[in-house]
Amino acid sequence: MTQQPFNHTAFATSMSLERLAERVPAAFAEHAAESTGPRYVFISTREIVSALMGAGFAPTHATQTAARHGNAAYARHLLRFQPMVETVSLRDALPQIVLINSHDGRSAYQLRAGLFRPVCTNGLMTPIGDFGLVHVSHRGNVVRNVVEAALQITGEFSRVGDAIERMSETTLSQGERLAFAEQALALRYAGRDDKPVQPAQLLETRRLADVGDDVWRTFNAVQENVMRGGLCGRSAQGRALRTRGIRAIREDVRINTGLWKLALQRIGR
């Protein structure tokens, strides 16, 4: 099967610094939280964003956690960047850089490769995987190190394209698809014996493009059902419920990374 080039131009909507400041005010903090230690080197995420934009990356999505503890002004935040120069053509996904940081000393800069998938013609996109992690500590020349890490990850995008192609060419039996869904369910509800839904429900497709029995389409159907929620189920007490979508940054990364690894296992990688 020949991989078809995917033109992402219509879906790349860059966010301005002003718009980012509205969506993720924690990224624009002027100093670190008082709880950080003396060795902590404060670099505003705004400086990182400006440097990445200067290196050819456009911010396309941003979110931050609703801080239950601590100050929301320094909370964990996540931004996605798309290379303005197309580096690789994927089947139906956009390779992006994922930046995660906080200014409360609880996390180093994280750079990840990520995938976004346009799901309709108006440009709505949904994340479908995170992988390729690089940690950058709050020491030394943080700005330079983050930009270098972003360029390093971009250089690996062709390997992602190869993996997607192999997923598209690898057919699963119904039993294998159910096993994938069962593992995904265990990942979503880690540590819980009671699962509110059945594995087969994760295989239900929400989009015509996901109808099929190859690894790629199975992965996409399962991922969307896990991440978006809305499935009818039962609580441990037998009450009717609908599964919740994933909103927290930590859970988003944990589950998306885990699902991507499950898909790679199906192609022997």
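Start by selecting helix H3, where Val 142, Val 146, Val 147, Ala 149, Ala 150, Ile 153 and Thr 154 are buried, buried meaning under 20% relative accessible area, exposed over 50% and partly exposed in between, with a 1.4 Å probe and protein chains only. These residues lie on the same side of H3, because they cover an arc of only 160 degrees around the axis, the arc being that of the directions from the helix axis to the C-beta atoms.

Before going further, note that this is a predicted model, in which local features need pLDDT of at least 70 and side-chain atom pairs count only at pLDDT 80 or more, while totals for chains, interfaces and linings use all residues. Residues are numbered from 1 along each chain as its sequence is written, and side-chain values use heavy atoms, with hydrogens and water left out.

**The whole chain**

Of the 269 residues in the chain, 51% are buried. Among the contacts in the chain with a separation of 6 or more, 64% are accounted for by residues 24 or more positions apart, where contact means heavy atoms within 4.5 Å. If you display the surface, the chain exposes about 13,100 Å², of which carbon and sulfur atoms supply 49%; accessible areas come from the Shrake-Rupley method with a 1.4 Å probe, and for residues only the protein chains shown count as cover.

**Helix H3 and Val 147**

Return to H3, residues 142–154, whose 13 residues reach 18 Å from the first C-alpha to the last, close to the 18 Å expected at 1.5 Å a residue; the expected span is 1.5 Å times one less than the number of residues. Within this helix, select Val 147, which is buried with a relative accessible area of 14%. Not counting residues up to four places away in sequence, Val 147 touches Ala 51, Leu 52 and Ala 55. A C-alpha to C-alpha distance drawn from Val 147 to Gly 54 comes to 9.5 Å, although the two are 93 residues apart in sequence.

**Helix H4 and Glu 165**

Next select H4, residues 157–169, where 13 residues should span 18 Å at 1.5 Å a residue and the end C-alpha atoms are 19 Å apart, which agrees. The buried residues of H4 are Phe 157, Val 160, Gly 161, Ala 163, Ile 164, Glu 165, Met 167 and Ser 168. Glu 165 counts as buried at 10% relative accessibility, and its C-alpha lies 8.3 Å from that of Trp 216, a residue 51 positions away in sequence.

**Leu 203 in its loop**

Move on to the loop between helix H6 (199–202) and helix H7 (215–228), and pick out Leu 203, which is buried with a relative accessible area of 9%. Leaving aside neighbours within four places in sequence, Leu 203 is in contact with Gln 174, Arg 177, Leu 178, Ala 181, Thr 218, Ala 221, Val 222 and Asn 225.

Beyond its neighbours within four places in sequence, Gly 229 is in contact with Arg 206, Glu 224, Thr 243, Arg 244 and Gly 245.

Which residues line the second largest cavity? Select Arg 188, Tyr 189, Val 197, Leu 202, Asn 225, Val 226, Gly 229, Leu 231, Thr 243 and Arg 244 to see its lining. On a 1 Å grid over the protein atoms alone, a cavity is a set of points where a 1.4 Å probe fits but cannot get out, and lining residues have an atom within 4 Å of a point. This second largest cavity has a volume of about 50 Å³, and a search of the whole structure finds three cavities of 30 Å³ or more.

**Helix H8**

Finish on H8, residues 249–265, whose 17 residues reach 24 Å from first C-alpha to last, close to the 24 Å expected. This helix is mostly covered, with twelve of its 17 residues buried, including Trp 260, Leu 262 and Leu 264.

Notes: Helix = DSSP H or I, 4+ residues; strand = E, 2+ residues; numbered from the N terminus. 1 Å grid on protein atoms, 1.4 Å probe; cavity = no way out; pocket = protein on both sides within 12 Å on 5 of 7 lines; lining within 4 Å. Points joined across faces, edges and corners; volume = space filled by probe spheres on them.
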